[in-house]
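Student: I have a new structure to read. Please show me how to go about it, one feature at a time.

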Amino acid sequence: MSATLSFTHHAERHPGFGMPWTIGHRVFIALTCTVFVLFLTSGAQLGAALELFGFHRSAEAVAAPVVRKPTIDLSTITVDDKAQLIVEGQEAQQRNALIPLSRQPLGHVTGFNLVPAAGGTYATALKCLAQAVYYEAAVEPLQGRRAVAQVVLNRMRHPGYPDTVCGVVYQGAERATGCQFSFTCDGSLLRQPMAGPWRQAEDVARAALAGYVEPSVGTATYYHADYVLPKWAFQLDKIEQIGRHIFYRLPGRWGGGSAFLARYGGFERIPALDFTALRARAAERPQNEENLVPGLSVPPLVSDRHAESDVGGRLDVTKQWRLSIPDPVAASSRYRQAIGAEAGGPAEGSAKRSTDVAAGSGEVSAQPRASVGAAQLDNRPVG
């Protein structure tokens, strides 16, 4: 009777069960649920377990794999800080060529679109991006200029960098050295841009803001000129060299396309710069480095029409060319010697004068031209 009452009592309290619950049943069910939850939370099933208990993830989070942050401080990687350079010049070019290209697949990013209707935001973003293209790559081929613009936009869409175009370009500009783009803190902005190259830089920037993607550099976020070798060149994945610039991406998934999901900040501004400090730093550089094309000792001009090995008629001492103007006295002596030889005379006076000049004496006889002619006349055989 008591058993029947107990069964009825439990059945009424727990409808749907054919037998009463005991402490053993409760323990068994609790253990089973625990094991099941642990199984779900292992590895890639963590998200499913969270959703089972009412937690939901966004579509972006579901699609993107877990990205592990690099162990290096991204804000400290720069070529503007000379302490980070191992070697410069021709030796740097040789050692850079020995660094192999990465075997990682070339990442892909989608185009970034910033409509001109954005007003002041668009105009400011265009100016910052054009400045980066102009001051960093004005003398590079078109592909190289597009690649520099791509690096700026890649950084803007990566969580490790600022989320605006100008924020990326001017990152670290407040420092005396070590800014991310050297032209923002080395005094280059003190130079007025040349009209032709500036228009070309604006065209590249405008296309990049309209969605153009330079596929050759993929997800690159760094580059440096081939005539310097920074320490971090061995920490990143080398992608490609275009012109004088070598491009790199971050290692692992942190440099893959899935990492470039950061949203655009939407507010562009150019920070206030300390022009006094810029002038001081510009004054520290040798004057022959001002506005020079790498490898040239003369500033480039828009009107230049020449091959890469020429400078349009202007002397470039880095090519080991030397201006050589014939000595007028020596030239005159050779001319008179040639005339004398045609006339059948030895032209001894001219020959001696040429010998003296060639020997470096720098002294020429003051004998008048008439006497030279007389001496030659006296030496002719009498007939």
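Student: Is Ser216 buried or exposed?

Tutor: Buried means under 20% relative accessible area, exposed over 50%, and partly exposed in between (1.4 Å probe, protein chains only). Ser216 has a relative accessible area of 18%, so Ser216 is buried. Across the protein chain of 383 residues, 34% are buried.

Student: What kind of model is this, and how are residues numbered?

Tutor: This is a predicted model, where local features need pLDDT of at least 70, side-chain atom pairs count only at pLDDT 80 or more, and totals for chains, interfaces and linings use all residues. Residues are numbered from 1 along each chain as its sequence is written, and side-chain values use heavy atoms, leaving out hydrogens and water.

Student: Where does Ser216 sit?

Tutor: Helices (H or I, at least four residues) and strands (E, at least two) are DSSP runs, numbered from the N terminus. Ser216 lies in the loop between helix H9 (195-209) and strand E2 (222-225). The protein chain has 13 helices and five strands.

Student: Which side chains have a polar contact with the side chain of Ser216?

Tutor: A polar contact is a pair of N or O atoms within 3.5 Å. Within protein, one atom must be able to donate a hydrogen and the other to accept it, and residues adjacent in sequence count only if both atoms are side-chain atoms. The side chain of Ser216 pairs with that of Gln143 at 3.1 Å and with that of Glu214 at 2.6 Å.

Student: Which residues does Ser216 touch, not counting those up to four places away in sequence?

Tutor: Contact means heavy atoms within 4.5 Å. With that exclusion, Ser216 touches Leu106, Gln143, Ile239, Glu240 and Ile242. Gln241 is 25 residues from Ser216 in sequence, and their C-alpha atoms are 9.5 Å apart.

Student: At what angle do helices H6 and H7 pack?

Tutor: Axes are lines fitted to C-alpha atoms, for helices over the stretch in contact, and angles run from 0 to 180 degrees between N-to-C directions. Under 35 degrees is roughly parallel, over 145 roughly antiparallel, 65 to 115 roughly perpendicular, and the rest oblique. H6 (residues 120-137) and H7 (residues 142-156) pack at about 130 degrees, with axes 9 Å apart. That makes H6 oblique to H7. Among the residues in the contact are Leu129 and Val133 of H6 and Val148 and Val152 of H7.

Student: How do H6 and H9 cross?

Tutor: Their axes come within 8 Å and cross at roughly 120 degrees. H6 and H9 are therefore oblique to each other. Residues in this contact include Leu126 and Tyr134 of H6 and Trp198 and Leu209 of H9.
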